[in-house]
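Morning, everyone. Please have a look at the fold on the screen, and then we will walk through it together.

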Amino acid sequence: MRLIYRQDAAAPLTQVFVVVPRTGACLDPARRQGLSRFALRLMFMGAGGMDHGTLSGRLERLGAATGFSMSNDHVTLRLTTLTENLDAALELFLTSMQRPHFDAQECAQLR
């Protein structure tokens, strides 16, 4: 795993990237292509007991956004936030990675 941290001196923004090698689409089971992308989308739909609306609202109030990109052999998770709110935004980002909340209704909507 690799952590990349970038602070923009021209703007009050900080970005954090977590690159996880040997993951991604290559691990999708046969006849289940897209499973990794589906799980990643769910990971950012809620976390730590928060539903999607609550998590999104908290991130928005902090001036933060999360997301991911996936290739065949790695996944990159990202956080962009106002630098002054880095600690709080990073806490939500880590909660999304460590304790995702997989809501059955949101899961059905993504399908």
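First, a term: contact means heavy atoms within 4.5 Å. This is a predicted model, where local features need pLDDT of at least 70 and side-chain atom pairs count only at pLDDT 80 or more, while totals for chains, interfaces and linings use all residues. Residues are numbered from 1 along each chain as its sequence is written, and side-chain values use heavy atoms, with hydrogens and water left out.

Now take Phe17. Which residues is Phe17 in contact with, leaving aside its neighbours within four places in sequence? They are Arg2, Leu3, Ile4, Thr76, Leu77 and Arg78. Look at Arg78. Phe17 and Arg78 are 61 residues apart in sequence. In space, they are 4.5 Å apart, C-alpha to C-alpha.

Phe17 lies in strand E2. Helices (H or I, at least four residues) and strands (E, at least two) are DSSP runs, numbered from the N terminus. Is Phe17 buried or exposed? Phe17 counts as buried because its relative accessibility is 18%. The cut-offs are these: buried is under 20% relative accessible area, exposed is over 50%, and partly exposed is in between, with a 1.4 Å probe and protein chains only.

On to the sheet. Two strands pair if DSSP finds at least two bridges between them. In general, strands of a sheet pair through backbone hydrogen bonds, either parallel or antiparallel. Here we have an open sheet of four strands, in the order E1-E2-E4-E3, and the pairing is antiparallel. Why is one side of E1 and of E3 left without a neighbour in the sheet? Both stand at the edges with a single partner strand each, so one side stays without a neighbour. From one strand to the next, the twist averages 15°.

Let's go through the pairs. E1 and E2 form a hairpin with four residues between them. Their antiparallel pairing runs over seven bridges. Arg2 has Val19 of E2 as its bridge partner. Gln7 stands opposite Thr14 in E2. At the other end of the order, a hairpin of three residues joins E3 to E4. That antiparallel pair has six bridges. Ala65 has Thr80 of E4 as its bridge partner.

Stay on E1 for a moment. Arg6 lies in this strand. Beyond its neighbours within four places in sequence, Arg6 is in contact with Leu13, Thr14 and Gln15. The side chains of Arg6 and Gln15 are joined by a polar contact of 2.5 Å. A polar contact is a pair of N or O atoms within 3.5 Å; within protein, one must be able to donate a hydrogen and the other to accept it, and residues adjacent in sequence count only if both atoms are side-chain atoms.

Now E4. Thr76 lies in this strand. Thr76 counts as buried because its relative accessibility is 13%. Not counting residues up to four places away in sequence, Thr76 touches Phe17, Val18, Val19, Gly67, Phe68 and Ser69.

Next, the helices. H3, residues 86-98, has 13 residues. From its first C-alpha to its last, H3 reaches 18 Å, close to the 18 Å expected at 1.5 Å a residue. The expected span is 1.5 Å times one less than the number of residues. Which residues of H3 are buried? Leu86, Ala89, Leu92, Phe93, Thr95 and Ser96. H3 lies across E1, E2, E3 and E4, at about 150° to E4. H1 lies across E3 and E4, and runs at about 170° to E3. Axes are lines fitted to C-alpha atoms, for helices over the stretch in contact, and angles run from 0 to 180 degrees between N-to-C directions. In H2, Leu55, Gly57 and Leu59 are buried. Their cover includes E3 and H3. After H2 comes Gly63, with a positive phi near 70°.

Last stop: the core. A nonpolar core is a set of buried Ala, Val, Leu, Ile, Met, Phe, Trp, Tyr and Cys residues joined through side-chain atoms within 4.5 Å. The largest one has 20 residues, of which Leu40, Leu77 and Phe93 touch the most other members. Elements giving two or more residues are E2, H1, H2, E3, E4 and H3. Which element gives the most? H3, with four residues. As for Leu77, its contacts beyond four places in sequence include Leu40, Met43, Phe93 and Met97.
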